[in-house]
Amino acid sequence: MSGESLIELEAVLRERLAGTLPGLEAQLRFMPTPPRTGWKPGEFPSDARIAAGLLLLYPGEHGPSIALTVRASGLRRHPGQISLPGGATDPGETLVQAALREAHEEIGVDPAGVRILGELTPVYVLVSGFTLHPVVGITHHRPTFAPAAREVEAVLEVSIADLQDASRIRHGTRTREGMAIEYPYFDLLGHQVWGATAMILGEFICLL
């Protein structure tokens with residue numbers, strides 16, 4: 001798939017996103033273990049806030065690519081982590097509208113140039129209390145990225161070829177609440193992409 005053009009990629013993804021998604025099984029390959037207390041894979045609390053993120057495909061320097069954000073170190077939630085551009089839905093907003101608005105606000109993507117292909121399986125993020133819905137879009141022109149100063153430290157332009165490179169999937173350990181946690185991650189452009197973002201990308205590469 002990595003050698004195919006963006007047009008071929010769009011056709012494949014449009015068809016596969018309309019079918020049965022890889023879902024939880026694909027996501028769980030990238031779940032930290034043991035999971036956080038109170039987090040049950042595939043369950044979405046009724047009081048969770050709804051958020052949307054944009055997984056945007058575009059023609060990058062090294063072939064079809066996606067844009068991830070390095071969250072600013074001063075943010076209260078998930079500082080320094082890698083995520084999709086996205087955030088909470090506003091009242092009356094659809095998931096697609098929220099994903100496009102947030103991508104525009106965070107990294108300067110013009111919503112008018114994005115075609116929506118479908119959605120991936122949502123992920124519940126216990127730390128922030130959000131159910132995150134990944135929206136997949138495509139644009140045939142590389143966006144002129146403009147990171148929002150207080151929210152985004154940098155934009156990572158990750159090629160689909162790198163995302164599909166199995167040697168970039170690694171395992172690390174960290175301590176959480178005094179307990180050793182093992183977590184799979186993608187090693188991308190010198191950054192560890194793990195947690196909810198890795199679970200979403202894990203399902204995405206399964207689709208391909």
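1. Basis of the note. The model is predicted, so local features need pLDDT of at least 70 and side-chain atom pairs count only at pLDDT 80 or more, while totals for chains, interfaces and linings use all residues. Residues are numbered from 1 along each chain as its sequence is written, and side-chain values use heavy atoms, with hydrogens and water left out.

2. Thr69. This residue lies in strand 2 (residues 63-71); helices (H or I, at least four residues) and strands (E, at least two) are DSSP runs, numbered from the N terminus. Thr69 has a relative accessible area of 1% and is therefore buried. The term buried means under 20% relative accessible area, exposed means over 50%, and partly exposed lies in between (1.4 Å probe, protein chains only). Apart from neighbours within four places in sequence, Thr69 is in contact with Gln81, Ile82, Ser83, Leu84, Pro85, Glu106, Ile107, Val152 and Ala154. Contact here means heavy atoms within 4.5 Å.

3. Val123. This residue is found in strand 6 and is buried, because its relative accessible area is 3%. Leaving out neighbours within four places in sequence, the contacts of Val123 are Gln27, Phe44, Phe130, Thr131, Leu132, Ala196, Met199 and Ile200. Val123 and Leu13 are 110 residues apart in sequence, and their C-alpha atoms are 20 Å apart in space.

4. Leu126. In the loop between strand 6 (123-125) and strand 7 (130-138) one finds Leu126. Its relative accessibility is 30%, so Leu126 counts as partly exposed. If residues up to four places away in sequence are not counted, Leu126 touches Arg36, Thr37, Gly38 and Trp39. The C-alpha atoms of Leu126 and Phe44 are separated by 9.7 Å, although the two residues are 82 residues apart along the chain.

5. Helix 5. Is helix 5 (residues 195-207) enclosed or open? Eleven of its 13 residues are buried, so helix 5 is largely enclosed by the rest of the structure. Among the buried residues are Met199 and Ile200, both of which are also in contact with Val123.

6. Salt bridge of Glu10 and Arg115. A search of the whole structure finds ten salt bridges, each being a side-chain nitrogen of Lys or Arg within 4 Å of a carboxyl oxygen of Asp or Glu. In one of them the side chains of Glu10 and Arg115 meet at 2.7 Å, N to O. Glu10 lies in helix 1 (residues 6-17) and Arg115 in strand 5 (residues 115-119), so this pair ties together parts that are 105 residues apart in sequence. Glu10 counts as buried at 10% relative accessibility, whereas Arg115 counts as partly exposed at 40%.

7. Further salt bridges. The side chains of Asp187 and Arg170 also meet in a salt bridge (2.7 Å, N to O). Since Asp187 lies in strand 10 (residues 179-188) and Arg170 in strand 9 (residues 169-176), the pair ties together parts that are 17 residues apart in sequence. Asp187 is buried at 17% relative accessibility, while Arg170 is partly exposed at 37%. Arg168 forms a salt bridge with Asp162, with the closest N and O atoms 3.4 Å apart. Finally, Asp90, Glu93, Arg101, Glu102 and Glu105 are linked in a network of salt bridges.
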